[in-house]
Amino acid sequence: MLLLGCIKEVTDYELAISLPNGLSGFVPVTQISDAYGKLLTKQVAQGELLEELNSLPELFSPGTLVRCIVTSIEKSDDGRRSVKLSIDPKKVNKALNSTALAAGMLLSGSVMSMEDHGYLIDIGVTGTHAFLPHQKAKTYIKALKKGPDLKIGQNLNCLIVEVKNEGRVVCLSIERSEVAASIATERQNWTLSNLLPGLVVKARVQKLAPLGMKLTFLSYFTGIVDFMHMDPEKSMSYSPDQVVRACVLSVQPSSRAVRLSLLPPFLQAGGAPRQLPGQRLGAVLEEATVKAFYKHFGAVFELDDGTLAFARLKHLSKTRKSFKPGAFKEGSKHKCRIIDYSLMDEMCIVSLKHQIIEARFLQYQDIHTGDVVQGKVLSLKPIGMQVKVADGIRGLVPSIHLSDVILKQPEKKYNIGDEVKCRVLECNPEGKKLILTLKKSLVQSKLPVLSNYEDAKPGLITHGFVVCAREFGCIVKFYNDVKGLVPKNELSSEPISCPEKVFYEGQVLKVMVLKCEPQQERLLLSFKLSSKPGPEDKWKCTPKEKREVKYQIGEIVDVKILKKKDNGLEVSILEDEDNVVAWIPMLHLSDFVATSKLLWHCLQEGDVLPRVMYLSDKGEHIILSRKSAVISAVQEEQVVRNFSEIQPGMLLTGYVRNVMPFGVFVEFPFGVTGLAPKVSMSDKFVTDTKDHFVVGQTVIAKVMSIDEEKQRVLLNLKVSECSSGDSAAESFALLSQYFKELKGIRDLLKRGEPSICELVPGKRVHVVVQGVREDGSALFSGCSASGWTVTATRYHLGGKNIACGEKRKVLVLHVDALKSEVHVSLREELLKERPS
């Protein structure tokens, strides 16, 4: 089938063609012409760009009319049909032969080569040489503004000026005025087998019908004009035997069916249809008036600006069953949305479907980098996952972006048809390229989206993903292919010798911009988000003269508290003549983080702390620790004193020194440090490292590997890997130590608030109701603890109505010494006395 089409979009690999009746098709780059195809083959074989081969955007412009032939109709996975076309003159003009050629004929041609006096043109007729003189191409080239010459593969509307040697040689013209004035006549001997779309003819109205009219032309041909191609301003004034000017739209030789158009832009050969203003596409119109309804096709509407629009039958209702023809009487008004524009019909295509009217995206241009979108899984392939974002909009999730970690078997996590929430990494509307990510860290990120180098201001903190980890550092990528370097010294506050062992491809991390040169597209980054001093650095002890090293690591001393500070205790070592001042960081008061804070709260200046271990002397101050597990490890010689003693598989007790997005640094007594990467931190999936560890936390770590040259250690903190064998005994020992420390804290509390120590969980006491809060919880007084808040949640009131001043019996649930709060319950099932 031959059709007249209009170029809608041009990419490097295909032409998108608007066809009559709202249809569309595609011309692959291999279906342009013989000469162009040979250049493509040569370029692929040589593996380098050819100067004489121009890209499709250099040869074709949107809005240009072309003659096409249907080569195939393919059905996609989702049931959509794709029309493949060719504009190769050898296929479009295959019914023509040299003896049929006549002066005045208008047909398609393609530039084969440039000669001294003009161009050789391929018109697809075997045995005929077609020549276009420079003089007949000059004004066309000037108007086209695509360079000083025609290019190989360029498609032309060619008018035959002269036929020589029985059609073996023809002279052509592409002068716009000559082409526009051309009209097909009987003298040109057109037949139904070689009739071409794009020909302008004089025709006579033979019959009028509700859906169009029947015309006769070129003496004995008949053709149909459907309702979409009648001139809207004259549609009511056509009459039988009227002579009109018409353009051949399509020819189907096998069925002898010819379609014609009476729309003004096609009535001059080489004309161009009107374009739709860009801002109208996607517009939602509250009231569109029905002009005509065709029960087998759809409805024509008049829009708010007076133009006409067409809605296909399937776009008039949600389903075929819910379709009501009676709702589309002439004059009725409906809400609709412009979803497309048919260049060949010069008519908007609209939809009345609610889901389309409400749809966030209609075309690739509506999507912006960084947008969070909902999609449906279409297919899973080795390169990644194809996702349908909207009708006609598809995106690719590369395999490294299917999850925060690399999935070896993505088919176990995702199924065809699953709804997924993605974020747009890159969107190129021209190339219809959409790259998405499913990494939760990126999808849920609240940090700024970095999509161009100009926005990369020093100090900006954002999320990026690692694409390469090497000896020199990490390459991190952002949106729209923006990428930068994190040099080795900016990977962490702790030295990292082998970045490739710590970081992995696809890993999402927070980064800070250090420096950017937008013109050179150079970006310098850092994983060190802040240069603020750590808690231990806030307190400095500056002795008048350098101390002699009196104590060895592991030595046990008794200390007296000199001063309480926000992050620890300043102490003096007892039985030392020089009154040496030392420092116990708050988190070194106990193996348990909560107990450390509680103990700090209860201690007072002047208190003596027995059995504190000398941990380190960094030259500025002595660091002491009261962590029982660390002290035991040193005393039982379950430690390494230097790097040479470390062996893979060892279990070592230490404490968290630093928590980074990519892992945890652990320090051991005697100063050896190691890194537990994110993947080796927990038996559970780790999204945020800070959810699992805090600085100062006591941990048992297993040595995974060592780098003797760089003196670096990689660790494993997974509980399943770090047990010595008897996990039950280890757990009971930890609990025993925890309760022992709690008892010590209770003894300290007795000094300042002896009565509070009597309030133990499970004790029954009498209290007086003070009031009820807005959330339903109640406040009490009368406990032996003055200045403490006694509360019961709404649940623990047990549905009882209470009034201010009432005396009630309650059960103590929990005593929070840090917040000076006592939590109690009035529930009967808890207050019942248990039998002894």
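## A salt bridge to start

Select glutamate 806 and arginine 808: they form a salt bridge, with the closest N and O atoms 3.2 Å apart. The term salt bridge here means a side-chain nitrogen of Lys or Arg within 4 Å of a carboxyl oxygen of Asp or Glu. Glutamate 806 is partly exposed at 29% relative accessibility, and arginine 808 is partly exposed too, at 21%. For these labels, buried is under 20% relative accessible area, exposed is over 50%, and partly exposed is in between, using a 1.4 Å probe and protein chains only.

Before moving on, a word on what you're looking at. This is a predicted model, in which local features need pLDDT of at least 70 and side-chain atom pairs count only at pLDDT 80 or more, while totals for chains, interfaces and linings use all residues. Residues are numbered from 1 along each chain as its sequence is written, and side-chain values use heavy atoms, with hydrogens and water left out.

How many salt bridges does the rule give? The count comes to 22. Next, pick glutamate 517 and lysine 515, another salt bridge, where the closest N and O atoms are 3.8 Å apart. Glutamate 517 has 22% relative accessibility and is partly exposed; lysine 515 is partly exposed as well, at 47%.

Now jump to aspartate 122 and lysine 90, whose salt bridge has its closest N and O atoms 3.4 Å apart. This pair links distant parts of the chain: aspartate 122 belongs to strand β7 (residues 118-122) and lysine 90 to helix α3 (residues 89-92), 32 residues apart. Helices (H or I, at least four residues) and strands (E, at least two) are DSSP runs, numbered from the N terminus. Buried or partly exposed: which is aspartate 122? Aspartate 122 is buried, at 6% relative accessibility, whereas lysine 90 is partly exposed at 40%.

## Isoleucine 69

Select isoleucine 69, which sits in strand β4 (residues 65-75). Isoleucine 69 is buried, with 8% relative accessibility. Show what surrounds it: leaving aside neighbours within four places in sequence, isoleucine 69 is in contact with Met1, Leu2, Lys84, Leu85, Ser86, Lys91, Val92 and Lys94. Contact means heavy atoms within 4.5 Å. Then draw a C-alpha to C-alpha line from isoleucine 69 to proline 89: they are 20 residues apart in sequence and 9.6 Å apart in space.

## The annotated S1 spans

Time to colour by annotation. An unreviewed UniProt entry lists "domain: S1 motif" for several spans, among them residues 104-175, 370-439 and 459-528. UniProt positions are in the numbering used here, feature names are shortened, and annotations may be inferred rather than shown by experiment. Residues 104-175 are 10% helix and 47% strand, with end C-alpha atoms 13 Å apart. Over residues 459-528 you'll find 6% helix and 50% strand, and the end C-alpha atoms lie 11 Å apart.

## A hairpin with a positive phi

Select strand β21 (residues 372-381) and strand β24 (residues 419-428), which run antiparallel and are joined by five bridges. Strands count as paired if DSSP finds at least two bridges between them. Glycine 375 stands opposite valine 420 in β24. Cysteine 427 has leucine 434 in β25 as its bridge partner. The hairpin of β24 and β25 has four residues between the strands, and there lysine 432 takes a positive phi near 50°.

Move on to helix α10 (residues 628-635), whose buried residues are Ser628, Val630, Ile631, Ala633 and Val634. Just after α10, look for glutamate 637 with a positive phi of about 60°.

Glutamine 737 comes next, in helix α11 (residues 727-752). What does glutamine 737 touch, not counting residues up to four places away in sequence? Phe592 and Ser628. The side chain of glutamine 737 also makes a polar contact (a pair of N or O atoms within 3.5 Å; within protein, one able to donate a hydrogen and the other to accept it, and residues adjacent in sequence counting only if both atoms are side-chain atoms) with the side chain of glutamate 741, at 2.9 Å.

## Last stop: the barrel

Finally, show β41 to β45. These five strands close into a barrel in the order β41-β42-β43-β45-β44, with mixed pairing. Strand β41 (residues 764-772) runs antiparallel to strand β44 (residues 807-816), and five bridges join them. Zoom in on valine 765, which stands opposite valine 810 in β44.
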